[in-house]
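Subject: Structure handover

Hi,

Here is the structure for you to open. My notes on what was found in it follow below.

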Amino acid sequence: MDRTAQVIARPAGHAVVYGPGPAADALHLRAVAVLDANWTGTSTVPSRGLYPHQWSWDSAFIAIGLRHVSPLRAQTELETLLAAQWGDGRVPHIVFNPSVPLDAYFPSPDFWRSSAAGREAGAPRTVQTSGIVQPPVHALAAWLVHRADPGLSRSRGFLARVYPRLAAWHRYLLHRRDLGGGGLVCVVHPWEQGMDNSPAWDAPLARVAPAPARSFRRADLDHGAAEDRPTDLDYGRYVRLAADYRDRGYADGAGEFAVEDPAFNALLVASEHALARIAHELGATGTARHARADRLTAALVDRLWDPARGMFLCRDLRGGRPVAERAVSGLIPLLLPGLPREVTTALVGTLTGPHFALGTATRLVPSYDLLGEAFDPHRYWRGPAWFNTGWLLERGLRLHGETARADALRAALLDLASASDFAEYVDPYTGEACGTTGFGWTAALALDLLHTAPETDHRTPGRDR
């Protein structure tokens, strides 16, 4: 049996919800080849050169795609990540591979010093991790992975094993990261939100004194053009925030950066709904989790919705005001089922209007306002289009009845994933590949779009599922 056939093969005797489609499909085979090349044996790196370790939300998106070719590998992907969970419940944003040289990526394990600096927070002793987190997509991923092969999932006790860890992860966020007291979760570092270099962070970061340039060496510039990456000044601020957090023993609440972000909280809501479905599968009702998701949705609208701009904004807690920047993060709540109708209508209008121009000037959703002063079509999260945000918004459009727009976005995501050789991100106007190619979640989410029936699997989990 060749390697591709091994990846696609499923254990006999299990009911499978989604088949892998025709094996001769060229895009399918190319996407599988990317994931195979990035597979380490227990997890998948985003890319071999630029990102040689396991990243938290990358692994969630990668598992969503892997479920179509190997449900076992998809389950293993999430289990490996959750095995590095800290005692306080946080899921770290990086799990380091000890076989990778320290100078291959910065900040490396010797910067984070997780097992020592994170001792009070329950950092694991047997694996080195970072001390910050990333968006909580994991319960949604676990539920979709389970649905791909329920028989295999049940025989392995997959949901029964991951549920307590996912519940602890959500508990950490809800109890330790509600720094504003309004019911929403805060990020304490731009890297936590995942959209690292967004102009939405410029005002909150301006208060942070950067670490001296001589105190660190950026490994990312070995693999990407400087004009496409964060500036040295911003990178110095990232390093300062991370070092200060580490030196406080990774205790939450005292840092200079604390922002309520709409995408982070929307993904928590989606995962709360998914966790309710997991609880139901395990014999509980899930009612309390659905109710919590509803409360979070109401808080999201109450605290972050800006009707004048027709989208959600970040709230800078230290500055005491919303951040007046239109970033793709403010559109991601479209994937939620409990939004008021007037909010979803306005979000679709903003998505297709002049600031993001989906379906007119752009085929994929830019990461930042096309008309904003900081817009740059190639610089990391300051304008380029990303495939994970496109995947989330495709689900949101379909959920709210915008079928034609969802179909067009799906087609564009597949076309540009193929044409760009599964690029990390692309120019939103031209589709030109930016960053690295052979990127894990681009390949994985292309697989998911190829092999998921839109009418059955694009809705965010809710009470009807």
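**Overall picture**

Of the contacts in the chain between residues at least 6 apart in sequence, 71% join residues at least 24 apart. Please keep in mind that this is a predicted model. The chain has 465 residues, and buried residues make up 61% of them. It contains 19 helices and eleven strands.

**Two helix pairs**

Two packed helices are described by the angle between their axes and the distance between the axes.

Start with helix α3 (residues 56–66) and helix α4 (residues 71–82). Their axes come within 8 Å and cross at roughly 165°. The cut-off for roughly antiparallel is over 145 degrees, so α3 and α4 are roughly antiparallel to each other. The crossing of α3 with α4 is left-handed. On the α3 side, the contact uses Ser56, Ser59, Ala60, Ile62, Ala63 and Leu66. On the α4 side are Pro71, Arg73, Ala74, Glu77, Leu78 and Leu81. By type, the residues of this contact are eight nonpolar, two polar and two charged.

Next, take helix α13 (residues 262–281) and helix α14 (residues 287–304). Here the axes come within 8 Å and cross at roughly 165°. That makes α13 roughly antiparallel to α14. This crossing, too, is left-handed. From α13, the contact residues are Pro262, Asn265, Ala266, Leu268, Val269, Glu272, His273, Leu275, Ala276 and Arg277. From α14, they are Arg289, His290, Arg292, Ala293, Asp294, Leu296, Thr297, Leu300 and Leu304. The contact of α13 with α14 divides into ten nonpolar, four polar and five charged residues.

**A covered helix**

How many residues of helix α7 (residues 138–148) are buried? Eleven of its eleven residues are, and the helix is described as mostly covered. The buried residues of α7 include His138, Trp143, His146 and Arg147. Leu140, Leu144 and Val145 are also among them.

β3 and β4 pair in the antiparallel sense over two bridges. Valine 187 has valine 259, in β4, as its bridge partner.

The other open sheet has three strands in the order β9-β10-β11, again with antiparallel pairing. Its edges are β9 (385–386) and β11 (433–434). Each of these has a single partner strand, so one side of each lacks a neighbour in the sheet. Strand β10 (residues 425–426) pairs with β11 in the antiparallel sense over two bridges. Valine 426 stands opposite alanine 433 in β11.

**Backbone points to check**

Most residues other than glycine have a negative phi, and most peptide bonds are trans.

- A cis peptide bond joins phenylalanine 106 and proline 107, with omega at about 0°. Proline 107 sits in the loop between β2 (94–95) and α5 (109–112).
- Arginine 113 has a positive phi, near 50°. Its place is in the loop between α5 and α6 (114–117). Arginine 113 is partly exposed, with a relative accessible area of 39%.
- Tyrosine 250 has a positive phi, near 60°. It lies in the loop between α12 (232–247) and β4 (259–260). Buried means under 20% relative accessible area, so tyrosine 250, at 0%, counts as buried.

**Tyrosine 368**

Where is tyrosine 368? It lies in the loop between α15 (341–352) and β9. Tyrosine 368 is buried, with a relative accessible area of 2%. Alanine 327 is 41 residues away from tyrosine 368 in sequence, yet their C-alpha atoms are 4.4 Å apart.

What does tyrosine 368 touch, not counting residues up to four places away in sequence? Its contacts are Pro199, Glu325, Arg326, Ala327, His355, Phe356, Glu373, Ala374, Phe375, Trp381, Arg382 and Gly383.

Best wishes

Definitions and conventions:
Residues numbered from 1 in each chain as written. Predicted model: local features only at pLDDT ≥ 70, side-chain atom pairs only at ≥ 80, totals over all residues. Heavy atoms only, no water. Axes fitted to C-alpha atoms, helices over the stretch in contact; angles between N-to-C directions. Helix = DSSP H or I, 4+ residues; strand = E, 2+ residues; numbered from the N terminus. Parallel < 35°, antiparallel > 145°, perpendicular 65-115°, else oblique. Left-handed = near helix turned anticlockwise from the far one by under 90°. Contact = heavy atoms within 4.5 Å. Nonpolar A, V, L, I, M, F, W, Y, C, P; charged D, E, K, R; others polar. Pairing = 2+ DSSP bridges. Buried < 20%, exposed > 50% of the residue type's maximum accessible area, 1.4 Å probe, protein only.
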